[in-house]
Amino acid sequence: MGLDTTERSNPTGAAPVLVASNRGPVSFGTADDGTLTLRRGGGGLVSGLSAIDDPDAVWVCAALSGADRRAARQAPDGRLDRAGHDVGGQAVRMLDIDPETFARAYNGIANSTLWFVHHLLWNTPTAPAFDAGFRTEWQAYTAYNSAFAEALAAEAAPGAAVLVQDYHLSLVPALLRAARPDLRIGHFSHTPWAPPEYLRLLPDDIAESVLTGILGADRAGFLTRRWALAFADCCERFLGATVDREALTVSHAGRTTALGVHGLGADADFLRERAHRPDVDERLAALRAAVGERRTVVRVDRTELSKNIVRGFLAYRHLLRTRPEWHDRVVHIAFAYPSRTDLAEYRAYTDQVRALAAEIDAEFATPGWKPLILHVDDDFPRSLAAYRMADVALVNPIRDGMNLVAKEVPVVSDRGCALVLSREAGAHAELGEDALSVNPFDVVATAEALHAGLTMPAGERADRTKRLAAAATALPPQQWFLDQLNALRPGG
C-alpha cells in the first residue's frame with residue numbers, strides 16, 4: 001500500500017496537530033433497531049488530547065469492530081465529526097482497514113510479536129518461529145501502518161505536529177516522513193523497550209524496520225530513561241547509529257532523532273472525584289461486607305501475561321503457608337479483567353489464574369473466611385472501591401512500560417496503602433523509594449514484602465502514601481501530552 005503521490009507534493013490538510021493511535025477516543029455498537037450507538041473512551045490519551053484547544057486538531061484511529069467500520073464507511077473520508085457523531089468536540093478520522101489485514105497486523109505482529117519482544121515473554125524453546133505465515137502477517141502490519149501514514153499525510157497542515165502512539169504504529173514515522181518531510185513527527189512508546197540481546201530474536205530485517213521506522217520521527221518518547229536507553233542501545237547495535245547518551249540523541253542515515261522521557265502520571269482530580277461517587281460507595285460497602293475487619297491485599301490488572309498474576313497468587317499462598325497468623329485475618333482481592341481473548345496464550349493464562357485461585361480457596365478457606373476474592377469481569381467503580389480500602393497493593397509485573405495502577409492506588413487510598421512494586425515496572429523509577437520493591441520472579445521475597453506491608457505501622461504507611469501520591473501525579477495526562485507537543489515545536 002503506497003502513499004498517494006499527489007499528497008506528497010500538495011499538502012492540503014488543515015490540521016495543525018494530529019494524534020495517531022490504534023484505538024481512538026470513541027467506539028461504536030449496534031442497537032436493537034440497527035442504529036449505531038457511540039461510546040466515548042477514557043485513559044491518558046483521551047485526557048491528554050483534551051488539552052489541545054484547537055478545533056482543527058485531528059485524531060486518526062482504526063475501526064476495531066464491525067460497527068466501527070460501518071461508522072467509518074458512512075462518514076466522509078472516515079471523519080466521524082463530519083458525519084454528525086458527538087465525538088466530544090474533537091475531529092476523529094476512523095480508518096476502515098480490511099478486517100483480515102487488521103487482525104493479522106494487530107494480533108499477529110503487534111500483540112503476538114512486538115508486545116512479546118518488549119516484555120520478554122517468549123518461551124524460547126518453542127517460540128518464536130518466524131515462518132512464512134509470519135511474513136504474511138508482517139505484510140499486513142506494513143499495510144496497516146501505511147494506511148495510517150496516508151491518512152495523516154492527507155489531514156496534516158503544512159508544518160503540522162504529529163504524535164504517533166505505540167508499538168502498533170512503529171513504521172508510521174518513516175512512512176510519513178517520506179510523504180511529508182515538512183511535518184514535525186513524534187513517536188511515543190507506551191511499552192518497555194527490549195534490550196539488544198532480546199530484540200535479536202526478531203529477524204534482522206524486521207528489527208531494523210522497527211528501529212528505522214521510529215527513527216523517522218524527530219522525537220521518540222519513552223516512559224522512563226531506562227527504556228529510552230534500551231532503544232538507543234538497539235539502534236547502535238543493529239544500525240550502527242551514533243548515540244549520545246547524555247544528550248539522548250540517535251543519529252542515523254543523515255538524521256538525528258531526539259529521545260524524550262515523559263513519565264505519564266495519574267489524573268488526580270478525576271480519580272479523587274470519581275472514587276467518591278455513589279456507585280463506588282455501593283461497591284465499597286459490598287467489599288467491606290465480604291472482607292469484614294480483615295486486612296486486604298489488592299491487585300487490579302488485565303489478565304495480561306506480563307502482569308504476573310500467577311506468581312502473585314503463589315506469593316500469597318506462600319504467605320498463608322508460612323505465616324499462619326494471617327489465617328482468617330487477611331483477604332486477597334484480585335481483579336483480573338479479560339485481555340486479548342483472541343489469543344490462545346491469553347485464554348490459557350486466564351484459565352490458569354482461575355485454577356490457582358480455586359486451589360488457594362480449597363486449601364485455606366473456612367466456613368467464615370474466603371481468603372481470595374477473584375473477579376474477572378471488568379468493573380471500574382469496583383476497582384476504585386478496592387483502591388480505597390487496600391491495606392497493601394500488589395503490583396508485580398514481569399515487565400511494564402509504566403503501570404498506572406501503582407500510581408492510582410496511592411491517590412485514592414482512604415487510610416494509606418503499602419505498595420509492593422516490581423522493580424521491572426516503569427513506575428518503579430519514580431515510586432521505588434517509598435514502595436516495597438520486589439523481584440517479580442521471587443515468590444518467597446514477594447510473600448515477605450506482603451507481610452511487611454501488612455504489618456507496616458499506620459503512620460509510616462500514611463506518610464509513604466502521601467509521597468507516593470505526590471510522585472504519581474507529578475505529570476498528569478494533559479501536561480504529559482503538552483510536554484511532548486511543545487518539544488516538537490521549533491525551539492522545543
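L18 stands opposite V58 in strand 4. This is a predicted model: local features need pLDDT of at least 70, side-chain atom pairs count only at pLDDT 80 or more, and totals for chains, interfaces and linings use all residues. Residues are numbered from 1 along each chain as its sequence is written, and side-chain values use heavy atoms, leaving out hydrogens and water.

**Strand 4 and its partners**

- Strand 4 covers residues 58-62; strands (E, at least two residues) and helices (H or I, at least four) are DSSP runs numbered from the N terminus.
- Strand 1 (residues 15-20) pairs with strand 4 in the parallel sense over 3 bridges; pairing takes at least two DSSP bridges between two strands.
- Strand 4 also pairs with strand 5 (residues 91-95), in the parallel sense over 5 bridges.
- V58 stands opposite A91 in strand 5.

**Burial of strand 4**

- Strand 4 is mostly covered, with 5 of its 5 residues buried (under 20% relative accessible area, 1.4 Å probe, protein chains only).
- V58, V60 and A62 point one way, while W59 and C61 point the other way.

**Helix 11 against helix 14**

- Helix 11 (residues 278-291) packs on helix 14 (residues 380-389) at an angle of about 60°, with axes 8 Å apart.
- Axes are lines fitted to C-alpha atoms over the stretch in contact, and angles run from 0 to 180 degrees between N-to-C directions.
- Residues of helix 11 including L284 and L287 meet residues of helix 14 including L384 and M389 (contact means heavy atoms within 4.5 Å).

Terms used: Buried means under 20% relative accessible area, exposed over 50%, partly exposed in between (1.4 Å probe, protein chains only).
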